[in-house]
Amino acid sequence: MSAAALSRGGNAWLFNAIITVVLWGIWGAFSGISPQRGFPETLVYCVWALTMIPPALIVLWQAGWTLDRSPKAIAYGLAVGLLGAGGQMVLFYAVARGPAYLIFPVISLSPIVTIALSFVLLRERTGRLGALGILLALLALPTFDFSPAEGVGASASWLLPALVVMLCWGVQAYFMKAANEFMPAESIFVYMTLSGLVLIPVAWAMTDFSQPVNWGLDGPGLAALIQILNAVGALTLVFAFRYGKAIIVSPLANAGAPLATALLSLVVLGVVPGPLKSVGIALALCAALLLAIEPDSVDEDAAVE
């Protein structure tokens, strides 16, 4: 069954959003393995970009090899892709200059940008349950990545890059929704794939090859198995934005994925979350439930297609 076929129906946005949450949750639980085994994150990016190719070819085939090549579609499609991939490049710069436990909570607030843009420019609205769910999701997001470390000092040189990443990914989600208003979701994902591939040389150049690199099966091979989850999750996210409101989908995906990661780590890996992350799990769970049952979460124009 095609991704487009699976995406039809009143709960299409929720179906795709849940798939994204599950895939990104599993990906999040295991994404740190590759760097731990000597395969740098910059090369993980290269592998991720390559794993985008199979799902892109599949959805393009299902769309009859039809790619929207209008100037507007190309501009929006590349904006979505380059904002996402470019944000990842800036993230490499940020983590080299500051502590991850401060950087990632800043980046996790990217849905605020998406919500603001969608509210003002797309005129999206939601009911009381949705508004409460959005608030709880935004409160939960920073708790998943915040883990204070004693004796770690850092200048504020990481703050501006972290804010840039937050803006890039927040604006990316807005453009993803805006693009879905006039072009096929399949074309959006293809342009995302092309954008990711274009930046492979940049990631390669950022790699410190003076350090040993694990080129074995548990290096790029294992990275590919893990990153394909990320790639397919990105595809279903595009379809979630296609049929759902950005002010609902963005906080649900961004809060739900780390929630799934935390629960999987607890059950499978035996990692017990601390008090702050436990609060975040509770907030994210409540947010996910409220956003899922919000009756005003469906994009009416997309739902009638």
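1. Contact order first. Among contacts (heavy atoms within 4.5 Å) between residues at least 6 apart in sequence, 90% join residues at least 24 apart. The protein has 16 helices and zero strands. Helices (H or I, at least four residues) and strands (E, at least two) are DSSP runs, numbered from the N terminus.

2. Basis of the model. This is a predicted model, in which local features need pLDDT of at least 70, side-chain atom pairs count only at pLDDT 80 or more, and totals for chains, interfaces and linings use all residues. Residues are numbered from 1 along each chain as its sequence is written, and side-chain values use heavy atoms, with hydrogens and water left out.

3. Confidence. pLDDT is the predictor's confidence in each residue, from 0 to 100. The protein's mean is 86, and 88% of its residues reach 70 or more. Helix α1 (residues 3-6) has the lowest confidence, at a mean of 44, and α11 the highest, at 97. Two stretches call for a note. Over residues 1-9 pLDDT stays under 50, and the model has 14 contacts for them beyond four places in sequence. Over residues 150-154 pLDDT also stays under 50, with five such contacts.

4. Burial and cores. Of the 305 residues, 49% are buried. Buried means under 20% relative accessible area, exposed over 50%, and partly exposed in between (1.4 Å probe, protein chains only). A nonpolar core is a set of buried Ala, Val, Leu, Ile, Met, Phe, Trp, Tyr and Cys residues joined through side-chain atoms within 4.5 Å. The largest one has 70 residues, and Trp13, Tyr45, Phe189 and Met192 have the most contacts inside it. Another core, of eight residues, lies apart from it; Leu91, Trp158, Ala162 and Val165 are among its members.

5. Phe189. Leave aside its neighbours within four places in sequence. Phe189 is then in contact with Met52, Pro55, Ala56 and Val59, and also with Ala231, Ala234, Leu235 and Val238.

6. Helix α4. This helix is mostly covered, with nine of its eleven residues buried. Tyr45 and Trp48 are among the buried ones, as are Thr42 and Cys46. The buried residues of α4 pack against α3 (33-36), α5, α6, α11, α12 (200-206) and α13 (217-243).

7. The α4/α5 pair. The axes of α4 (residues 41-51) and α5 (residues 53-62) come within 5 Å and cross at roughly 15°. So α4 is roughly parallel to α5. Angles under 35 degrees count as roughly parallel, over 145 as roughly antiparallel, 65 to 115 as roughly perpendicular and the rest as oblique. Axes are lines fitted to C-alpha atoms, for helices over the stretch in contact, and angles run from 0 to 180 degrees between N-to-C directions. Ala49, Leu50 and Thr51 in α4 meet Ile53, Pro54 and Pro55 in α5.

8. Positive phi. Most residues other than glycine have a negative phi. Trp65 has a positive phi of about 55° although it is not a glycine. Trp65 sits in the loop between α5 and α6 (71-95) and counts as exposed, at 53% relative accessibility. Arg123 has a positive phi near 55°. Its loop runs between α8 (110-121) and α9 (128-145). At 65% relative accessibility, Arg123 counts as exposed.

9. Pro184 lies in the loop between α10 (159-179) and α11 (185-198). Pro184 and Asp68 are 116 residues apart in sequence, yet 7.4 Å apart in space, C-alpha to C-alpha. Pro184 counts as partly exposed, at 37% relative accessibility.
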